[in-house]
Amino acid sequence: MIVFSVYNIKGGVGKTAAAVNLSYLAASESTNTLICDLDPQASTTYYFRIKAKVKSGKSVLIKGRTKLDKNIKGTDFDNLDLLPADFSFRNLDLMFDKIKKSKKRLKDSLKSMRDEYEFIFLDCPPNITLVSENVFSVSDYVLVPVIPTTLSYRTYRTLITFFESRNFDKKKIIPFFSMVEKRKNLHKDTIEKMQNKYKSILNSQIPYSSIIERMGIYRQPVVKYRPKSLAAENYRLLWYEIKEKIYSK
Amino acid sequence: MKIIYTIPQNISHNSVLNNLRMEFSLRKDSGWSGDRCYYDTFDWRLYNNSFLFYCEQSKIYLISRKNQTLHECMTIKNIPRFSNDLSDGTFKDRLNSILEMRALIKLACHHVDQTKYRVLDKNDKTILYLIFEIFRLNLNKRSSHLHTLFTLVPIKGYEIYLAELNKKLQTYGLIKFKGDVFKQVLKFNHREPNDYSSKINIKLQIKMSACEATKTILSSLFYTMERNQKGIINDIDTEFLHDYRVAIRRIRSVFGQFKNVFKQEIYSKAKNDFSQLGRRTNRMRDIDVYLLRKTEYQDMLPDDMKKDINPFFTTMVKERKIELKKLGQYFNSEEYKNIINHWDKFIKESLADVYQGLESGNSVLPFAKGIIWKRYKKVIKLGTRITQSSPDVLLHQLRIECKKLRYPLEFFSSLFAKEEINYLINHLKILQDNLGDLNDLSIQQDTLRKYVETDSNKRTLLALGILIGKLNERQVKVRHKFSDTFQTFADQVTHSLFYKLFAPTAEKDK
């Protein structure tokens, strides 16, 4: 079982779109996949037409496996399940701090699902808190969509520094360019700069696409409602490249 | 967990759908029309492991018969004949452990018209699947209606809707489906589960005479022999020949051990005919066994040498082709047909005409006990003589004596208490396995040594040398275990049970 988190401290970089489409692609290859929506904004949950939880109290994430199971929902797609977002996730970092054994419970819950799921995708909120730390420690790989602008570059460097300071394995980080507009010189230049500096950046890039923007209207993965589009093709290439990378080890 | 309903003849399925549409949001998803074909091995391995295997629309499915759950599903280009034909994955692994070297054979098919519907909530989220199916049997040019089924398939986390729809369907007059489509379709094709088994399943009665019992046993064995013929000629898998030869060995054992039941000429002809059949199939079986060992041998060699034994197997494959052709010709020959017809007639003939031996009229129970007790004593006598330094030939003899004990135990098992006889058979089997392994390892080394004489390629010889060495190591270990294994078989409990069941009353009274 492999756990991917899709993370960036900045919002609006294409995290959720990537998580939704990559998990759909994984499931469409007949591998059992779970996507967990950790963002209290609940966009992933919305895209899959599922209701987010609004109850307050301890989050299911740290209540243990059985509670987790009760909350998992099947999506409209074979082999793909979703753990809906929970409004209580906004306080998750406080819970990790205050409630004993909460970090261990998250790790244990995810690990115990290895017989059910081959892939787990964690769609992370755009911030850096105790939650993110725990997600990094629990993930096998951290997929980081990066918009090729100067500020994004700086933010990416901050992430690397953060990993170093906490002694997390930097090799877990798999960055890829997202919302790329090839016509913009800034994008072209930043891509070149970053590719020179960071060899681990994937070759596949997700273009800026209004088709992807309309996911909120179609409420389906792009790969499903526009399978022949450039965006869909790029997600497929991205998934293929990710698989190559993780299985070559 | 799925819930399956059947739509009774007086209710139209359209009315059911219309009723549902009034209360729920339905969307037609997909539909297809085609055949669903069921497969299993000749000896029903999937069925006996509570599985169902079928193919429809280029997909294969493995379903648990116990709770109708889907265990595996896979898209395929061609139906796999053997589990190794599948691409790597959980389906292949699962099938490997159940099927081993047996081939999948098509059992029966029925026609399916399927339409899938999604039940949607206010967000257009699918909360349940409804699968509507019409099953038909294909009869030459017409088709006959088998069932109309409505299946509710829950979606994780939305099970509450399953309960809701379940209640609704009952109010429309639908009835829960309790039938077994698989068995029905089989029946229509004149089959039923386990209509073939390589295990002995002979039902004798205490009131039978020795010759009635012998006839019953021979009839069952002969039938097994015939059932396997076609599979051999069509080269479906290696086990048809194996089961055929086992049946012949058992038949020879009957004629060899059930003395004085028939006229002497019958014994002579039986010995002649059945040893002929055994001989004609020896080489082919040997080759099959070697080819089945290919992966095992490769696993015993270092990675860079695995390919070096290929010449050995290539030679085997070539020889097998020749042997298979010879066997096919033999099965079609007049000589073979005469043998089969002769014994077929013999078995079907009335008792009065044929059986005139000393024992034939006697009751089967003392007859059976006599044979078994005699064989048991021989096994014990020979086994106790064997020490760590005894020559291999004695172990070989013991192996044969154990077989001579095993066969009558199995033939007559229905005359004794099930737990007791099974206990003895199981304990004998452990001893037989040890002796069998020993014999097997010895023969393997001999064969490889013989092959070495014919090949001069250095790499091949090196690889074979390693194999022979490893087989020899194994043989020494197995030989070492013999003493304990025999002690266990000869222990007080087992001996007391043999004594209780089979010792003649005269001996008991002593």
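Biologist: What should I know before I start?
Modeller: Residues count from 1 along each chain as its sequence is written, and chains are lettered from A in the order in which they are written. The model is predicted, so to speak of local features we need pLDDT of at least 70, and side-chain atom pairs count only at pLDDT 80 or more, with heavy atoms used for side-chain values.

Biologist: How many aromatic pairs are there over all chains?
Modeller: The structure holds 57. Rings of Phe, Tyr and Trp (its six-membered ring) pair if their centres lie within 6.5 Å; planes under 30 degrees apart are stacked, over 60 edge-to-face, the rest tilted.

Biologist: Which kind of pair do B:Y38 and B:Y54 make?
Modeller: Edge-to-face, because their planes are at 75°, with the centres 5.7 Å apart.

Biologist: And where do they sit in the chain?
Modeller: B:Y38 is in strand 2 (residues 25–40) and B:Y54 in strand 3 (residues 51–56) of chain B, 16 residues apart. Strands are DSSP runs (E, at least two residues), numbered from the N terminus.

Biologist: Is B:Y38 buried or exposed?
Modeller: Buried, at 3% relative accessibility. Buried means under 20% relative accessible area, exposed over 50%, partly exposed in between (1.4 Å probe, protein chains only).

Biologist: New topic: what sits over the ring of B:Y54?
Modeller: The charged end of B:R36, 4.4 Å from the ring centre. That label needs NZ of Lys or CZ of Arg within 6 Å of the centre and within 35 degrees of the ring normal.

Biologist: Which residues form one aromatic cluster?
Modeller: B:W373, B:Y376, B:F416, B:F489, B:F498, B:Y499 and B:F502.

Methods
Helices (H or I, at least four residues) and strands (E, at least two) are DSSP runs, numbered from the N terminus.
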